[in-house]
Amino acid sequence: MPELPEVETVRRGLNKLIKNRKIIAIDIRYDKIIIGSPNDFKKQLIGATIVEVSRRAKYLLFHFDNDLTMISHLRMEGKYQVRNQLADFDKHAHVIFYLDDGSYLGYRDVRKFGKMQIVARNQEMQVKSIAALGPEPLTAQYTLESLENGFKKRKKSIKATLLDQHVVSGLGNIYVDEVLWRAKIHPEEPANKVTELQIKALYPIINDEIKQAIAAGGTTVRSYVDATGHTGNFQLQLHVYDQEGQPCERCGTIIEKIKVAGRGTHYCPHCQVLNS
Ligand SMILES: [Zn+2]
């Protein structure tokens, strides 16, 4: 699943490649990607120019010069590709935008879970799934207090809490394992039992992890490729994710893999112990 740093990398790549391009036609090959009527979708976007691509957590926001915004959620496997020929797209490209410079922007999604939705500009934050998102790392809204207050109210595990996006948004499975290892917090620790000291440790680590991952262009763990075809190179810096059976870098204890919140979870049984 693409995580925040990958989506940010895609966003930057798209701004380089398709900003100020006008859409001259749209080929929708799988209707269910579109929320609402595919015909309306085409009517609203054909003739419009892409002003900018921004992002909220893992949603890409395509802003157009006609005051509409297309919200695109990549979900499990969604990817954008910019190509010079239609023949360069395979059967998994479900929506193709024809651009005025002769290039094509394709949305490829093997599992077809991704969604696209058009809203009026600045209405995107009212869309339920986006409105429910907690503050994002590296923004002014994400503070030590926001983290403390969010954890205080929640009895479920810290892993589940970080994954559900309400307390802080943008952390997926890989980065949750990484930040909990770095902060020495057991993934099954109930959120409201995480100590003040642990939260103080965790808060800057979340910012740092996301910053490093964005700088490195995202992780390659699941065949992730950005819009220009470059592969991310963050994989080598993973400390605990996908490291089961390997010695912990800090203490040498073998990293274990368990299931928490329904997800494969990697942790060091020596460095990350339950508080009670
Ligand atoms: Zn350890």
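This report walks through a predicted protein model, from its overall build to its zinc site and a handful of individual residues.

Because the model is predicted, local features need pLDDT of at least 70 and side-chain atom pairs count only at pLDDT 80 or more, while totals for chains, interfaces and linings use all residues. Residues are numbered from 1 along each chain as its sequence is written, and side-chain values use heavy atoms, with hydrogens and water left out.

## The whole protein

Let us start with the overall picture. The protein has 7 helices and 10 strands; helices (H or I, at least four residues) and strands (E, at least two) are DSSP runs, numbered from the N terminus. Its radius of gyration is 20 Å, close to the 19 Å that the globule rule gives for 276 residues, so the protein is as compact as a globular protein of that length. That radius is taken over C-alpha atoms, and the globule rule is 2.2 Å times the number of residues to the power 0.38. Along the principal axes, the C-alpha atoms fill a box of roughly 60 × 35 × 30 Å.

Of the 276 residues, 52% count as buried. Here buried means under 20% relative accessible area, exposed over 50%, and partly exposed in between (1.4 Å probe, protein chains only). Contact means heavy atoms within 4.5 Å. Among contacts between residues at least 6 apart in sequence, 63% join residues at least 24 apart. The accessible surface of the protein comes to about 12600 Å², and 48% of that belongs to carbon and sulfur atoms; such areas come from the Shrake-Rupley method with a 1.4 Å probe, and for residues, only the protein chains shown count as cover.

## The zinc site

Which residues hold the protein donors of the zinc ion? They are Cys248, Cys251, Cys268 and Cys271, each through its SG atom, at 2.2 to 2.4 Å from the zinc ion. Donors are N, O and S atoms within 2.8 Å of the metal (3.2 Å for Na, K and Ca); water is not among the atoms, so sites may look incomplete. The angles among the 4 donor atoms run from 99 to 114 degrees, and the site is tetrahedral. Four donors count as tetrahedral if all angles lie between 85 and 135 degrees. In sequence, the donor residues follow the spacing C-x2-C-x16-C-x2-C. Both Cys268 and Cys271 are buried.

Ser169 sits in the loop between helix H5 (158–163) and helix H6 (173–183). Is Ser169 buried or exposed? Ser169 is buried, because its relative accessible area is 0%. Its side chain makes a polar contact of 3.3 Å with the side chain of Arg56. A polar contact is a pair of N or O atoms within 3.5 Å; within protein, one must be able to donate a hydrogen and the other to accept it, and residues adjacent in sequence count only if both atoms are side-chain atoms. Leaving aside neighbours within four places in sequence, Ser169 is in contact with residues including Leu4, Leu133 and Pro137.

Pro137 lies in the loop between H3 and H4. Leaving aside neighbours within four places in sequence, the contacts of Pro137 include Ser169, Ile206 and Ile210.

## Two residues with positive phi

Most residues other than glycine have a negative phi. Asn122, with phi near 70 degrees, has a positive value and is not glycine; Asn122 is in the loop between strand E8 (115–120) and helix H3 (128–131). Leu138 likewise has a positive phi of about 70 degrees although it is not a glycine, and Leu138 lies in the loop between H3 and helix H4 (144–152).

## Accessibility side by side

| Residue | Relative accessibility | Class |
|---|---|---|
| Pro137 | 4% | buried |
| Gln198 | 12% | buried |
| Arg108 | 18% | buried |
| Leu138 | 43% | partly exposed |
| Asn122 | 55% | exposed |

Arg108 belongs to strand E7 (residues 104–108), and a polar contact of 2.6 Å joins its side chain to that of Asp90. Gln198 is found in helix H7 (residues 196–216). A polar atom of the Gln198 side chain lies 3.0 Å from the backbone nitrogen of Thr195. Finally, the buried residues of H4 include Leu144, Leu147 and Phe151, and what covers the buried residues of H4 includes H5 and H7.

Conventions
Tetrahedral: all angles 85-135°; square planar, octahedral: opposite > 155°, others 65-115°.
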